[in-house]
Amino acid sequence: MNIIADRLRNNEPTLVIWLAYSEELCEQAVTEFQKAWDCLGDRPTTIYRFWGSHDLDIEQAQDGLVVAGLAKVYSAAKKSIRFINQLGVRCSLVIIDEAHQAIARPTKSLVLYSQMVGRAIRGLKAGGNATAEIVTVVDSQLPGFGSVASAFHNWEDVWRKTHE
């Protein structure tokens with residue numbers, strides 16, 4: 001939660017996106033962030049809920065924490081790529097809670113993971129953000145992301161396009 005608080009304090013306005021595969025994990029994220037922000041926050045901020053019966057008005061989400069169910073984000077992205085693009089442009093940090101389960105269950109592929117993380121690291125010329133921080137790209141349960149070397153190998157095409 002310290003990383004989220006730092007990001008929100010140092011990059012106003014920005015969105016931090018917390019993705020989780022279950023409603024229980026989403027609720028836990030909201031509760032823990034509220035506790036942390038009460039101690040670490042420097043301004044009022046908004047927690048946007050986007051799982052189960054909660055909806056997200058993407059036009060209103062400009063600054064704060066978006067806690068979202070991965071299945072709901074995936075469904076919204078399938079309906080409108082504009083949704084995921086707007087979310088990506090406004091966010092500076094994506095956290096995936098229990099990533100190996102989050103990716104395997106709702107999507108059964110690396111597509112959503114690649115889109116969310118890839119958008120953040122592409123850079124402005126490729127439609128991404130000016131800066132991005134990847135807290136961890138290593139997940140032994142996710143094929144191709146078991147070590148730092150293999151995780152960054154998966155992004156070679158991105159690095160070549162943005163750094164040439």
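**Close-up 1. The buried side of helix α2.** Leu25, Cys26, Ala29, Val30, Phe33, Ala36 and Trp37 of α2 are buried (under 20% relative accessible area, with exposed meaning over 50%; 1.4 Å probe, protein chains only). These residues lie on the same side of α2, because they cover an arc of only 145° around the axis, taken from the directions from the helix axis to the C-beta atoms. The cover over the buried residues includes α1 (2-10), β1 (15-20), β2 (46-50) and β3 (64-69), where contact means heavy atoms within 4.5 Å. Helices (H or I, at least four residues) and strands (E, at least two) are DSSP runs numbered from the N terminus. The model is predicted: local features need pLDDT of at least 70 and side-chain atom pairs pLDDT 80 or more, while totals for chains, interfaces and linings use all residues. Residues are numbered from 1 along each chain as its sequence is written, and side-chain values use heavy atoms, without hydrogens and water.

**Close-up 2. The outward face of helix α2.** Exposed Glu24, Asp38 and Cys39 sit on the face turned away from the buried side of α2.

**Close-up 3. Aromatic pairs.** The whole structure holds 2 aromatic pairs (ring centres of Phe, Tyr and the six-membered ring of Trp within 6.5 Å; planes under 30 degrees apart are stacked, over 60 edge-to-face, the rest tilted). Phenylalanine 33 and tryptophan 37 are stacked, at 5.7 Å centre to centre and 25° between the planes. Phenylalanine 50 and phenylalanine 83 are tilted, at 5.4 Å and 35°. Phenylalanine 50 belongs to strand β2 and phenylalanine 83 to helix α4 (residues 81-90), so this pair ties together parts 33 residues apart in sequence.
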